[in-house]
Amino acid sequence: MPATLHSDSPLVPAIKLTGVSARYEQNVVFDDLCLEIAAGQFAGIVGPTACGKSTLLKIILGIHAVSAGQVELYSYPVNKVRPGTIGYVPQLGSVDWNFPVTVEEVISMGLYTNGRIWPWLSKQERACIRDLAHRLGVDDCLKNHISDISGGQRQRTFLARALINNPKLLILDEPTSGVDIKTQHEVLHLLGDINSGGITILLTTHDLNAVASHLPWVICFNRGIVAQGRPNTIFTNEILTKTYGGDIVIVKSEGHLLIANSTPLNFIDEHS
Amino acid sequence: MEFLLEPIEYEFFRHALLAALMVGASGGLIGVYVVLRGMSYVGHGLSHAAIGGAVIGITLNLNFYAGACAMGLLAAFIINKITKNNKIKLDAAIGIVTTAMFALGVAIVSKMRNFKQNFEAALFGNILGITEQDLMIIGLVAFFTLITMFITYRALLFSTFDNEAARVFGIKTDSVQWLFSLLLTFSVIASLNVIGVTMVAATLIAPAMTARMLTDRFSSMIISSTIIGAVTGVMGMYLSYIFNVASGTTIVLFSVSVFGLSMLVKPLRNAYRSRQY
């Protein structure tokens with residue numbers, strides 16, 4: 001029988017990976033990985049393209065089999081976790097925006113875990129969707145087709161689908177990609193608010209500056225954990241160079257971190 | 001009014017009308033998922049595989065439907081297995097598996113000429129020769145499709161839209177895919193005598209594509225597509241009677257004409273909206 005998770009103790013890690021190895025056929029993605037994310041944490045995984053971030057997320061989500069090791073969520077094996085315990089927001093780039101669904105229909109997909117077989121929504125379900133949409137600021141566009149809303153509203157729609165079951169753990173794949181800086185800030189701010197309500201959040205991103213300014217915990221990843229900790233302690237030249245394999249410039253100004261690659265500003269002039 | 005009532009006096013036409021209504025409705029319903037899952041070519045392929053099975057079935061003195069069903073399911077199973085590891089794409093797998101099964105049927109027909117008429121009926125449809133047994137099978141398949149689609153609506157919608165997230169939310173997506181393949185195979189086989197192998201795919205796809213032009217909402221698309229499938233089936237039958245053209249062909253041509261008209265709806269709707277603002 002699937003386990004219902006009750007433990008809210010911060011002593012119980014939300015995510016615990018022990019000696020986990022992942023492969024795609026003969027290719028090893030990572031080997032003997034150990035990772036713990038504390039309950040209530042708001043953590044981001046950063047790393048270069050094809051470093052295994054998405055595979056790591058899929059393993060935590062229970063949709064990619066491990067070739068060795070154990071994955072536990074709140075002390076339960078990942079395959080025994082009750083559906084609805086994890087909320088998941090996929091990369092928006094993978095969504096088919098021509099699919100005939102409205103914002104309301106997307107959010108209602110999350111209600112599958114209720115076990116209700118009727119295709120239509122009950123009054124209670126409708127009210128639940130309306131309340132959550134109102135909280136996330138998409139209540140005005142519930143009847144809109146998903147392609148008829150802004151990038152920020154799209155992210156909030158998928159966030160609403162992930163949150164509709166009141167999950168304990170929220171996992172997001174690249175929530176800051178494909179949106180402008182202002183929307184990035186809004187999304188991360190919103191995630192911060194959700195996290196302060198007690199939900200553990202783990203996300204992947206390429207945006208180091210957004211991570212530095214919004215996330216309290218970062219994992220630098222490249223086919224294994226390079227380092228993890230608070231952004232202001234682990235965002236160093238040495239760690240980022242080791243993670244990304246190229247020179248990175250870090251500027252500290254008035255308590256803020258600004259991270260860029262070391263490409264000189266006259267690069268375009270020299271190559272045009 | 002007389003042109004509507006006159007053909008109903010004939011029993012063969014009443015059978016044909018009922019068959020076209022049920023095949024059209026169930027094809028319209030299942031066609032929504034066929035189109036949205038990018039499986040438009042599957043219906044076409046499965047009908048070819050089924051015909052190979054039907055011929056083997058008849059050779060072995062079995063029922064037409066038994067052979068078609070066995071081969072259709074075998075084709076669906078092999079296609080699902082071949083494409084599972086993503087090395088071979090769906091269209092390639094359908095092409096190789098179903099054409100081989102169809103070729104087997106043609107080879108047997110060319111060797112044994114005694115059931116050539118049956119084979120032609122399955123190729124091009126023989127809606128005016130629909131028996132009560134055919135009607136019963138079509139009715140059962142339509143009923144089973146409707147009930148299953150109703151019960152699995154949420155799982156089918158979620159897994160069609162976002163298969164990966166559906167798994168995270170506890171949907172057994174592999175089982176959903178198998179169930180869908182089963183329904184599709186049954187629907188295709190039930191349509192064989194009505195529409196014919198060569199035109200089954202259009203009855204699955206055209207109503208769904210028409211409905212897509214009319215709405216952006218999934219629930220509306222499902223309802224519209226089912227109604228469009230049923231109406232075009234019935235209207236196609238009447239047109240076939242009036243113009244004395246083969247019924248399967250007329251249903252398909254009418255269905256595709258309706259789709260052509262529906263393509264005008266979206267630009268008109270957008271123009272109307274822009275005038276309002």
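Predicted model: local features only at pLDDT ≥ 70, side-chain atom pairs only at ≥ 80, totals over all residues.

Reader: At about what angle does H1 run to S1(A)?

Author: An angle of this kind is taken between N-to-C directions, on a scale from 0 to 180 degrees. Here H1 of chain A runs at about 120° to S1(A).

Reader: In what order do the strands of the open sheet in chain A come?

Author: Strands count as paired if at least two bridges are found between them. In chain A, 4 strands form an open sheet in the order S2-S1-S4-S5, with antiparallel pairing. Strand S2 (27-38) and strand S5 (76-77) of chain A are its edges, each pairing on one side only.

Reader: How many bridges join S1 to S2(A)?

Author: Strand S1 of chain A, residues 13-24, is joined to S2(A) by 8 bridges, and the two run antiparallel. As one example, Ala22(A) has Phe30(A) in S2(A) as its bridge partner.

Reader: Which residues of the largest nonpolar core touch the most other members?

Author: A core of this kind is a set of buried nonpolar residues joined through C-beta atoms within 7 Å. The largest one holds 161 residues, and Ile171(A), Val34(B), Ala50(B) and Ala68(B) touch the most other members. Helix H2 of chain B, residues 11-36, gives the most to this core, with 15 residues.

Reader: With which residues is Ile171(A) in contact, leaving aside its neighbours within four places in sequence?

Author: Its contacts include Leu57(A), Ile60(A) and Leu61(A), and also Leu202(A).

Key:
Residues numbered from 1 in each chain as written. Chains lettered and ligands numbered in written order. Buried ≥ 20, exposed ≤ 12 C-beta atoms within 10 Å, placed from the backbone. Contact = placed C-beta atoms within 7 Å.
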